[in-house]
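Visitor: I am new to this structure and would like a close look at a single part of it, the sheet. Could you walk me through how the sheet is put together and what lies against it?

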Amino acid sequence: MNELGQAIQLKELTKDFPLMERGRYLRAVDSLSLEIPRNSVFGLLGPNGSGKSTTIRMLLGLSEPSKGEVRILGGSPKDPGIRRQVGYLPDAPYYHKFLTGKELLRFFGKLMGLSKVSLEQQSVELLGQFGLSDAMDRKLGSYSKGMLQRLGFAQALLGDPEILVLDEPTAGVDPVGAAEVGDFVRGLRERGKTVLLCSHLLTQVQDLCDAVGIMNKGRLLASGGIEQLLRPSENPRFSLEGLEESAQAEVARLVELKGGRMKPMGQDLESLFRELVSNDDERSKGQ
Ligand SMILES: Nc1ncnc2c1ncn2[C@@H]1O[C@H](COP(=O)(O)OP(=O)(O)OP(=O)(O)O)[C@@H](O)[C@H]1O
């Protein structure tokens, strides 16, 4: 796919943070290369401290890479025209509690340089879309966590950006709210948008994303389409159906006799994630 077909391209992206001791540094992101095609949902996964937020900050042009390059829609994330094409929902948005919902959107819209008329129209539309019409003139101090999250989405969508970066959009949201987030992300893809999603809700990620990248200690351990990553390969897993318990035990005995092992669970994104990260941790302990 040529550059025009790519929403986000990371080339050997690396970030080093200097440590207190002179000359030493922490490599938070290590030679990360990724391509995220337009109109797709990509899940960036990894345990705490694996470098997801640092990657996002570089991708948004908020932090300078130590090495490597970020291309957004073929351009630089520092280009104001490109920046306007990226909406961002931070993992823990802090909004001033004395502002109302509408005032908050007005504040961000002005920062983005939206015209007064367009801002007014977009704010009313977005607040309606996220079920906040009745609350738009209430102070944010009285909003529930779910309402603040929905307001965060509205804010990220101001200016109708092509790309949405959602950092933990389901953090602190109840299961109904999490399902709504899922529907919302699907809706974005239907409208041709590209979504980069960081989440620890792996079942939802598996369900929502076209492709994922799994990071650990700053490095990308695996990336690709969900189906391709979870396809049975060297370790195919089978599910047994229609067998009574005694027959199951017999099959298990036969499998063991042949040197195999019967596992009750199939491969899913959660087990792939745990397997990759724990193998990587074991390997680095041994080094
Ligand atoms: N400004 C900074 N200065 C020094 N070290 C930093 C800085 N920002 C992040 N780090 C370190 O870089 C590593 C990656 O952190 P990062 O926040 O990117 O991880 P993460 O995958 O987003 O984690 P989480 O899931 O907890 O948000 C961590 O070891 C973190 O302590």
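Guide: Two residues are in contact if their C-beta atoms, placed from the backbone, lie within 7 Å. Helices (H or I, at least four residues) and strands (E, at least two) are DSSP runs, numbered from the N terminus. Residues are numbered from 1 along each chain as its sequence is written. This is a predicted model: local features need pLDDT of at least 70, side-chain atom pairs count only at pLDDT 80 or more, and totals for chains, interfaces and linings use all residues.

The protein chain has 10 helices and nine strands. Six strands form an open sheet with mixed pairing, in the order 5-6-7-3-8-9; two strands pair if DSSP finds at least two bridges between them. Strand 5 (86-89) and strand 9 (219-225) are at the edges with a single partner strand each, so one side of each has no neighbour in the sheet. From one strand to the next, the twist averages 15°.

Now for the helices. For the angles, axes are lines fitted to C-alpha atoms, for helices over the stretch in contact, and angles run from 0 to 180 degrees between N-to-C directions. Helix 6 (residues 175-190) lies across strand 3, strand 6 and strand 7, at about 150° to strand 7. Helix 1 (residues 52-59) lies across strand 3 (41-45), strand 6 (163-167), strand 7 (194-198) and strand 8, and runs at about 150° to strand 6.
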